[in-house]
Amino acid sequence: MILLRMFFKFHWGFWARPYIFTARQPTMTVPPPTMFVGALARGLAEVKRARGRWVPEYAREGGRYYVPLAYELARCVERVYFRLWSGGVSAAADKTRVFQGPYIRSENLRDPSQWFGVRDVGKAYAPGAEAEFAALIREGCPIGLDELEAAAHAVTRLGPAEGLIAVSRAEYLPWGGCGEAGGDVYRQPCPYFPWGGGELPDPWRVAKFLDWRREEAWDSRRVGLGDQGLVTYAVPESAWSVLRVEFPPCSTLRGSVKIVECGGVAYVDPSV
């Protein structure tokens, strides 16, 4: 496999809705893997268009809309990592006037005064925070590595408009060339990683994310997936996590998982 990684800085922060259907719209305090895969697909589309290839924004099949390029890219991505290298994420909420059609009782649907309402919309505030997204790319991926690297450089935002970012570096290197970590790399902030089960050491906890490898995750069918459409990850938590999330050093995971070093940077080996 190949490790593709992208280092960037948040301008403002991001917004990522949890996988619940509710009038209240909080935010996750870490961006989910689908946010990176989707942003990379958008960057890939921009690269292809710049090279004179036509790429559809979306397609329709069986009454549902989907993004063909996201389907193709998602099948290439085996694992996703994310970490903050500096700064933190603070959860907040904005009062926003939104269309609330899905939440209106059927007897009130004909009343225009019910169509819009003020809702709390969660925002993850992280101005100036330096971060990294990385992905393990499967062998045989039909998308070329140079094209994937160019796509990472072309990413300008993660998710909705609030998620503007500035990419400082993007690169790929062979995962097989990574060795067991030691010394100073254990002091680096550790990224979130897939977790197979069992007890996690403090300050890590379990979180559920949409499985980006399933086609249903990229269209309206994700609503009915339930737990079978989710993957389990280990993410950081602390006494301050409700207000601010930071990523602890990899030393907090020593003895619980295998840490490998790739190009001077520490990652959790997903095969262990």
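Which residues is Asp-211 in contact with, leaving aside its neighbours within four places in sequence? That was what I wanted to know when I opened this predicted model.

**Entry 1: Asp-211**

I looked up the contacts and got four names: Ala-217, Gly-229, Leu-230 and Val-231, with neighbours within four places in sequence left out. Then I checked where Asp-211 sits, and it is in the loop between strand E12 (204-210) and strand E13 (230-236). Buried or exposed, I wondered about Asp-211? The relative accessibility came out at 11%, and the cut-off for buried is under 20%, so Asp-211 goes down as buried.

**Entry 2: Thr-156**

Another loop residue next. I found Thr-156 between helix H3 (145-153) and strand E9 (165-174). Its relative accessible area is 44%, so I noted Thr-156 as partly exposed. With neighbours within four places in sequence set aside, Thr-156 is in contact with Gly-163, Leu-164 and Ile-165. I also looked up how Thr-156 lies relative to Gly-43: the two are 113 residues apart in sequence, but their C-alpha atoms are 7.8 Å apart in space.

**Entry 3: the whole chain**

Time to zoom out. I counted three helices and 15 strands in the protein. The radius of gyration is 19 Å, close to the 19 Å that the globule rule gives for 272 residues, so the protein is as compact as a globular protein of that length. Along the principal axes, I got a box of roughly 65 × 50 × 35 Å for the C-alpha atoms.

Of the 272 residues, 47% are buried. For contacts with a separation of 6 or more, I find that 76% are between residues 24 or more positions apart. The protein exposes about 13,500 Å², and carbon and sulfur atoms supply 51% of that area.

**Entry 4: strand E5**

How many of the 10 residues of strand E5 are buried? I get eight for this strand, which covers residues 77-86, so E5 is largely enclosed by the rest of the structure. Then I looked for a partner and found strand E8 (residues 130-137), which pairs with E5 in the antiparallel sense over eight bridges. I wrote down one of the facing pairs: Val-77 stands opposite Ile-137 in E8.

**Entry 5: the E10-E14-E15 sheet**

I went on to an open sheet of three strands, which has the order E10-E14-E15 and antiparallel pairing. Which strands are at the edges? They are strand E10 (179-180) and strand E15 (265-268), each of which pairs on one side only.

I took the E10 side first. Two bridges join E10 to strand E14 (residues 259-262), and the strands run antiparallel. On this side I have Gly-179 opposite Glu-261 in E14, and Glu-180 opposite Val-260 in E14.

One pairing I noted here is Cys-262 with its bridge partner Val-265 in E15. E14 and E15 form a hairpin with two residues between the strands, and I see that Gly-263 in this hairpin takes a positive phi near 60°.

Definitions and conventions
Residues numbered from 1 in each chain as written. Predicted model: local features only at pLDDT ≥ 70, side-chain atom pairs only at ≥ 80, totals over all residues. Heavy atoms only, no water. Helix = DSSP H or I, 4+ residues; strand = E, 2+ residues; numbered from the N terminus. Buried < 20%, exposed > 50% of the residue type's maximum accessible area, 1.4 Å probe, protein only. Contact = heavy atoms within 4.5 Å. Rg over C-alpha atoms; globule rule 2.2 N^0.38 Å. Areas by Shrake-Rupley, 256 points an atom, 1.4 Å probe, with all protein chains shown as cover. Pairing = 2+ DSSP bridges.
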